[in-house]
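This report describes one protein model, beginning with the chain as a whole and then moving to selected helices, strands and loops.

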Amino acid sequence: MAPRKLAAGNWKMNGTLASLAEIDQLLADHPAPACDVLICPPAVLVHAMAQRADGSKLMVGGQDCHAKTSGAHTGDIAAVELKDVGASHVILGHSERRADHGESDADVEAKAQAAHAAGLVAVICVGETEAQRDAGQTLDLIASQLAGSVPAGANAQNTVIAYEPVWAIGTGRTPTNEQIAEVHALMRDKLSARFADGADFSLLYGGSVKPSNAAEIFAIAHVDGALVGGASLKAADFGGIISALAA
Ligand code: PEP
């Protein structure tokens, strides 16, 4: 089985019910895309978006979940709760969660286990800061984040990995093709060494992907799609990325 191609959108803390009009437009423009398409809106929109997407190829996901299934955790959301309202995926270990909420690899691993137990696909993010890249630590860091964040029960069906250099997120800057290729080859090697179906995990690149650079990035070996922030908010932009991936 070859890795599935996936265009995943991360709306972050953007969007209201009115923003679901973008979904209507996306579905009208891309009723049967030749790749998987996922949007992860703010948690309060997951249910409404899932209902809007019902019967289409569009999948809906959360942006985080708690490691426990229920309990006294004010403001948190359980993986089973995301699943209950129609989510199929959940982003875990995004650099904004790691930075803003101090999430460690062990936290991400525990959340991924909860996601798997709930029947969600975990989209696990890894990536280096600019200082870590400048210090020549990128490959060691990615290997260590993968080892610490991806649980033993992961497989190509329940887990997607997103390489997101922190310095490329929302900045308009992207790594060179060689830099992306080097990290994706490392991730493929590490996953293949650890998991029987490591060759089949979808590996996404994320960080300032837009319609104008998507095709070039998707041509890089072991890049099976993208995790897209800003350019996922507008149907026309995200649609351009879907077209590039499905080509
Ligand atoms: C992200 O936040 O996952 C991301 C890749 O953002 P952007 O596409 O805006 O750089």
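## Contacts along the chain

Residues 24 or more positions apart account for 71% of the contacts in the protein with a separation of 6 or more, a contact being heavy atoms within 4.5 Å. The model is a predicted one: local features need pLDDT of at least 70, side-chain atom pairs count only at pLDDT 80 or more, and totals for chains, interfaces and linings use all residues. Residues are numbered from 1 along each chain as its sequence is written, and side-chain values use heavy atoms, with hydrogens and water left out.

## Overall form

The protein has 10 helices and eight strands. Helices (H or I, at least four residues) and strands (E, at least two) are DSSP runs, numbered from the N terminus. With a radius of gyration of 17 Å, close to the 18 Å that the globule rule gives for 247 residues, the protein is as compact as a globular protein of that length. The radius is taken over C-alpha atoms, and the rule is 2.2 Å times the number of residues to the power 0.38. Along the principal axes, the C-alpha trace spans about 45 × 45 × 35 Å.

## Surface and charge

Of the 247 residues, 51% count as buried. Buried means under 20% relative accessible area, exposed means over 50%, and partly exposed is in between (1.4 Å probe, protein chains only). The protein exposes about 10400 Å², of which carbon and sulfur atoms supply 52%. These areas come from the Shrake-Rupley method with a 1.4 Å probe; for residues, only the protein chains shown count as cover.

There are 17 positive and 28 negative side chains, and the centres of the two sets lie 2 Å apart. Lys and Arg count as positive and Asp and Glu as negative, while His and the chain ends are not counted. Each charge is placed at NZ of Lys, CZ of Arg, CG of Asp or CD of Glu.

Helix α1 covers residues 21–29, and its buried residues are Ile23, Leu26 and Leu27. These cover an arc of only 95° around the axis, which puts them on the same side of α1; the arc is that of the directions from the helix axis to the C-beta atoms. Their cover includes β2 (36–40), α2 (46–53), β3 (58–62) and α10 (235–246). Ala21, also in α1, is partly exposed, with a relative accessible area of 43%.

His30 lies in the loop between α1 and β2 and is buried, with a relative accessible area of 18%. Beyond its neighbours within four places in sequence, His30 is in contact with Gly239, Ile242 and Ser243.

Ala7 belongs to strand β1 (residues 6–10). Its relative accessibility is 0%, and Ala7 counts as buried. Not counting residues up to four places away in sequence, Ala7 touches Asp36, Val37, Leu38, Ala226, Phe238, Ile242 and Leu245. Ala7 and Cys35 are 28 residues apart in sequence and 7.2 Å apart in space, C-alpha to C-alpha.

Leu58, in strand β3, is buried at 9% relative accessibility. Leaving aside neighbours within four places in sequence, its contacts are Ile23, Leu27, Val37, Leu38, Ile39 and Ala53. From Leu58 to Asp36 the C-alpha distance is 7.5 Å, with the two residues 22 apart in sequence.

The buried residues of α9 are Asn213, Ala214, Ile217 and Phe218. Seen down the helix axis, they fall within an arc of 135°, so they line one face of α9. The face turned away from this buried side carries the exposed residues Ser212 and Glu216. Covering the buried residues are elements including α8 (177–194), β7, β8 and α10.

Most residues other than glycine have a negative phi. Ser208, in the loop between β7 (202–206) and α9 (211–218), has a positive phi near 60°. Ser208 counts as buried at 16% relative accessibility. His222, in the loop between α9 and β8 (225–228), has a positive phi of about 65°. His222 is partly exposed, with a relative accessible area of 34%.
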